[in-house]
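Reader: Could you walk me through this one? I'd like the overall picture and then some helix detail.

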Amino acid sequence: MENAKICRLAEDILGSITDDLNETTYRPLGGKLSIAWSDKTIYGAFASSPGESDKPPQHCITFYYEFVIQVWRDAEYICEFLRGIPKESVYDKLYDVWGDRVKLPSCFSKNDHVKNMFVAAITWVYFHELAHLMQEHGIIRAEFGLTGDKAKKTTDIHDCEVSQEKLIDGREALVSHVTELAADFEATFFYVTELMRHLINPDFATEQERPEVFSGLLYLMVCGISLVFFRFHGNKPFLPTAAVEGSHPNPLPRLQFLIPQIFEQLDLEIFRANGGYSLDRRQLVLLCSKAAFSATLYWSVTNTDNHVFDSRFMLKGIFSDVATLQYLQPIVKIWDEILPRIKEVRRFGVDAGLMDFTETARSRISDLITWGSGPEANAPAVAPSPRDTATS
Ligand SMILES: [Zn+2]
């Protein structure tokens with residue numbers, strides 16, 4: 001598809017979400033949500049708010065055309081790549097772990113594979129920016145992250161390529177990281193809820209079609225979101241680190257945190273009953289991890305120096321290494337500190353959209369108990385429960 005058409009499609013999709021949110025949420029509050037577009041060659045988006053929590057919300061989300069074009073191209077390339085894997089090749093056989101070698105859902109056309117990944121990716125990023133605004137992270141960063149002369153109200157929250165960011169550390173970095181993770185959490189909650197709303201629309205899928213369409217959409221959604229994070233991450237393998245530096249957490253741990261959140265939310269009976277799908281928890285985990293694997297395989301083969309599959313790009317559970325648990329220790333602490341203030345300034349949204357650490361997660365993080373060293377060491381060999389792997 002030509003670049004101009006991709007941009008028009010993105011404008012239509014995000015414009016209609018903006019209209020819906022104005023009608024259902026912002027207008028009743030006396031406020032307004034706007035979307036703006038920039039033709040600067042930047043891969044990312046940003047959120048702006050005047051930061052006046054005592055007044056109706058006046059929020060704006062800005063997208064870069066460059067970003068949506070790149071997302072479309074990445075979706076096109078991964079589909080070509082997955083379709084082009086020769087049967088019985090080494091990469092083809094890697095899929096046996098998931099019980100079948102199907103790499104793209106057969107209920108959608110070639111064009112719909114790309115389009116659904118694209119819609120999922122840009123919508124999720126839009127919700128991430130919306131979450132920054134809902135939780136007024138500009139206010140939070142100004143009140144909790146800056147000290148002394150540096151204290152000033154930040155009105156824009158940028159999610160752009162790493163080279164655009166100023167280097168920050170200490171408490172400012174910590175508050176920035178935790179607000180990014182909180183925006184990921186709320187965005188993911190929003191996205192899964194929207195996915196359900198979309199799915200139960202009878203114009204979209206009949207009751208008979210729904211289970212297969214659900215699985216296909218979920219798979220393409222995880223592929224699409226994973227590609228955004230891989231593009232933010234770049235072509236070097238990831239090494240877990242406990243350090244909290246810069247404005248954003250490393251993209252791959254972010255993805256590692258949010259994928260369990262997706263299957264955990266979908267495992268709730270209320271979603272299963274309304275969504276018309278019957279996948280159990282294990283099947284949800286397998287479907288999401290297979291989609292993330294497809295993105296990992298594509299990314300490491302096509303974007304790294306050696307052009308071969310590199311397992312160091314594989315996503316792991318958050319309890320798989322000590323460094324990630326050490327990284328989360330100050331995150332949990334600062335989140336507990338700022339959450340009451342976020343609840344004060346957040347004007348809409350349900351409580352389930354606020355990041356939450358279970359007691360099990362908290363004790364594993366504080367005591368640095370990696371997976372295999374906790375109670376599961378003596379339990380029968382089963383896949384880790386998402387309750388124990390997610391941040392929720
Ligand atoms: Zn962000």
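This is a predicted model: local features need pLDDT of at least 70, side-chain atom pairs count only at pLDDT 80 or more; totals for chains, interfaces and linings use all residues.

Reader: What radius of gyration does the chain have, against the value for a compact globule?
Author: The C-alpha atoms fill a box of roughly 60 × 50 × 45 Å along the principal axes. A compact globule of 392 residues would come out near 21 Å, and the chain agrees with that, so the figure you want is 20 Å.

Reader: Which share of the contacts between residues at least 6 apart in sequence joins residues at least 24 apart?
Author: For background, buried residues make up 42% of the 392 in the chain. Counting contacts between residues at least 6 apart, the share that joins residues at least 24 apart is 79%.

Reader: How are α2 and α10 oriented to each other?
Author: Helix α2 (residues 65–83) and helix α10 (residues 281–303) have axes that come within 10 Å and cross at roughly 95°. Angles of 65 to 115 degrees count as roughly perpendicular, so α2 and α10 are roughly perpendicular.

Reader: How far apart are the end C-alpha atoms of α4?
Author: α4 is mostly covered, with 21 of its 25 residues buried. Those 25 residues (110–134), at 1.5 Å a residue, should span 36 Å, and the end C-alpha atoms agree, being apart by 36 Å.

Conventions
Residues are numbered from 1 along each chain as its sequence is written. Axes are lines fitted to C-alpha atoms, for helices over the stretch in contact, and angles run from 0 to 180 degrees between N-to-C directions. Helices (H or I, at least four residues) and strands (E, at least two) are DSSP runs, numbered from the N terminus. Angles under 35 degrees count as roughly parallel, over 145 as roughly antiparallel, 65 to 115 as roughly perpendicular and the rest as oblique. The expected span of a helix is 1.5 Å times one less than its number of residues. A residue is buried if 20 or more other C-beta atoms lie within 10 Å of its own, exposed if 12 or fewer, and partly exposed in between; C-beta atoms are placed from the backbone. The radius of gyration is taken over C-alpha atoms; the globule rule is 2.2 Å times the number of residues to the power 0.38. Two residues are in contact if their C-beta atoms, placed from the backbone, lie within 7 Å.
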